[in-house]
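This report covers side-chain pairing, helix packing and backbone geometry. Keep the structure open alongside the text.

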Amino acid sequence: MSRLIDVGVFIPVGNHGWIHSTNSPAVEDGSFGRVLEITKAAEVLGFDFVLSPAIWRGRKGPSEHWMQSLESLTTSAALLQATSRIGIFGTVHMTVYQPAIIAKMMTTLDQIGPGRIGLNLVTGSSYLDLSHVGLWRDGLNHDERYDLADEWIGLVKRLWTERVVSHSGPFFQLTEATMGPKPSRMPALANAGASGRGFRFAVENCDIAFISSGDEPKYIESGRQAKATARAMNKPDLKVYGLVTLIPGPTAEAAQARLEYFNAGVDMECLADIALGYDLNPDAKGVSASSRRLAGDGRRSAVTSGTMAGSYEGLAERVARIVVDSELDGIILIVPDYIEDLEAVVRHTLPRMATHGVVCRTRAPGL
Ligand SMILES: Cc1cc2nc3c(=O)[nH]c(=O)nc-3n(C[C@H](O)[C@H](O)[C@H](O)COP(=O)(O)O)c2cc1C
């Protein structure tokens, strides 16, 4: 039996996207114009959603990685207005805002694009990424940030559904709070906690958990584990989406040449700076291994661990295998060039996954 999955795009609201190299495609400049172009193209290509991360800091080093970046929710507002079907996920650090602020912004976003706004909830895992603009929440360790998150999202949901909300908890107080309009439907909620505590937050509060993916056994196993844990916690309908980074090419050799070109310009200063951001966490030992991997700990490559370079055809088989073996409900894609590569992947890779048991709703124009 085939598996129908959701397919989204992790949009590059910071320059260089997720390639830490002076040789990454210059066209990914992190500008709103480019992100708009990508999102409109993603809608035409039939992608189910785009997700913009919340970025607060650029990195040291010659590539000036993420030195230019957009705020996530204001970007989402403009993308909703410019599109008509595709789902748009914004991201917020729950440690930064009062829940009422985001609850209100989300109901406004739901008026702009009814039923299409979603929210990726993060607690912030790198001290430097937030502290340099005064946004690091002092006095809470890793798990306590998720305790705050539990209370935070509980209040947001109450403000979206109840007439009057009073609450007195360890982190937040509300006194006969009222909020209208209510959202047209509950916004989809997502989280990408890699730790056990983070994943528990996703199971208890969200519709979707993002996990890092790849075709190495450790990624396949963590996907399976995620679904098994959700079932064991009585949340079998939690959707698990894998974050998949692709470097595609017409042939395996062409794709490998692209990867080598990116690696030739790897920005080691940038990677060291990202790692330092985690090392400076007051509770540095609470930083998960997956978080460090994503950040580039010990890596000498321009791309994150799990990245797959290959021919369009070869990638179809590999991605389908990940989906089937990890029991994924969806994938979210990172590519080097978000117009050319997404078009190529939609034309040549995603349709071929059907022969390996995975069906996507994306459609290349003219097919
Ligand atoms: C798809 C995806 C999106 C993420 N988006 C953000 C983001 O926008 N901002 C951020 O600070 N962290 C982001 N993260 C990091 C996670 O929220 C999380 O902090 C990290 O995976 C470590 O897990 P932990 O918090 O359970 O230790 C993202 C991770 C993934 C896989």
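## Salt bridges

In this predicted model, Lys239 is partly exposed, because its relative accessibility is 35%. Lys239 forms a salt bridge with Asp6, and the closest N and O atoms are 3.4 Å apart. The pair links distant parts of the chain. Lys239 sits in strand S9 (residues 239–249), Asp6 in strand S1 (residues 3–10), and 233 residues separate them. Asp6 has a relative accessibility of 13%, so Asp6 counts as buried.

Arg59 and Asp129 also meet through their side chains in a salt bridge, 3.0 Å from N to O. Arg59 belongs to the loop between strand S2 (49–51) and helix H2 (72–82), and Asp129 to helix H4 (residues 127–131), so this pair ties together parts that are 70 residues apart in sequence. Both partners are buried: Arg59 at 5% relative accessibility, Asp129 at 18%.

Glu162 and Arg158 form another salt bridge, at 3.1 Å from N to O. The structure holds 19 salt bridges.

## Helices H7 and H11

Two packed helices are described by the angle between their axes and the distance between the axes. For helix H7 (residues 217–232) and helix H11 (residues 312–326), the angle is about 35° and the axes are 8 Å apart. On the H7 side, the contact uses Tyr219, Ile220, Gly223, Arg224 and Lys227. H11 contributes Ile322, Asp325 and Ser326. By class, the contact has three nonpolar, two polar and three charged residues.

Helix H1 (residues 32–44) has 13 residues, which should span 18 Å at 1.5 Å a residue. Its end C-alpha atoms are 18 Å apart, in agreement. The buried residues of H1 are Arg34, Val35, Ile38, Thr39, Ala41, Ala42 and Glu43. They pack against S1, S2, H2, S3 and helix H12 (340–349). Gly46 follows H1 and has a positive phi, near 90°.

Helix H3 (residues 99–112) passes the corresponding check: its 14 residues should span 20 Å, and its end C-alpha atoms are 20 Å apart. Which residues of H3 are buried? They are Pro99, Ile102, Ala103, Met106, Thr107, Leu109 and Asp110. Seen down the axis of H3, these buried residues fall within an arc of 160°, so they line one face of the helix. An α-helix has 3.6 residues a turn, so residues three or four places apart point the same way. The cover over the buried residues of H3 includes H2, strand S3 (87–93), strand S4 (117–122) and helix H5 (142–161).

## Helix H6

Helix H6 (residues 196–205) is mostly covered, with seven of its 10 residues buried. These are Arg197, Gly198, Phe199, Phe201, Ala202, Val203 and Asn205. Their cover includes S4, H5, strand S7 (188–191), strand S8 (208–212) and H7.

## Leu280 and its contacts

Leu280 is in the loop between helix H9 (268–279) and helix H10 (289–295). Its relative accessibility of 40% makes Leu280 partly exposed. Which residues does Leu280 contact, leaving aside its neighbours within four places in sequence? Tyr127 and Leu128 are those contacts. Leu280 and Pro62 are 218 residues apart in sequence, and their C-alpha atoms are 22 Å apart in space.

## Backbone geometry

Most residues other than glycine have a negative phi, and most peptide bonds are trans. His16 has a positive phi of about 80° although it is not a glycine. His16 is in the loop between S1 and H1. His16 is buried, because its relative accessibility is 14%.

Asn234 is not a glycine either, and has a positive phi of about 70°. Asn234 lies in the loop between H7 and S9. Is Asn234 buried or exposed? Asn234 is exposed, with a relative accessible area of 68%.

A cis peptide bond joins Gly180 and Pro181, with omega about 0°. Pro181 is in the loop between strand S6 (173–177) and S7.

Methods:
Residues numbered from 1 in each chain as written. Heavy atoms only, no water. Axes fitted to C-alpha atoms, helices over the stretch in contact; angles between N-to-C directions. Helix = DSSP H or I, 4+ residues; strand = E, 2+ residues; numbered from the N terminus. Contact = heavy atoms within 4.5 Å. Nonpolar A, V, L, I, M, F, W, Y, C, P; charged D, E, K, R; others polar. Salt bridge = Lys/Arg side-chain N within 4 Å of Asp/Glu carboxyl O. Buried < 20%, exposed > 50% of the residue type's maximum accessible area, 1.4 Å probe, protein only. Expected span 1.5 Å × (residues − 1). Arc of directions from axis to C-beta.
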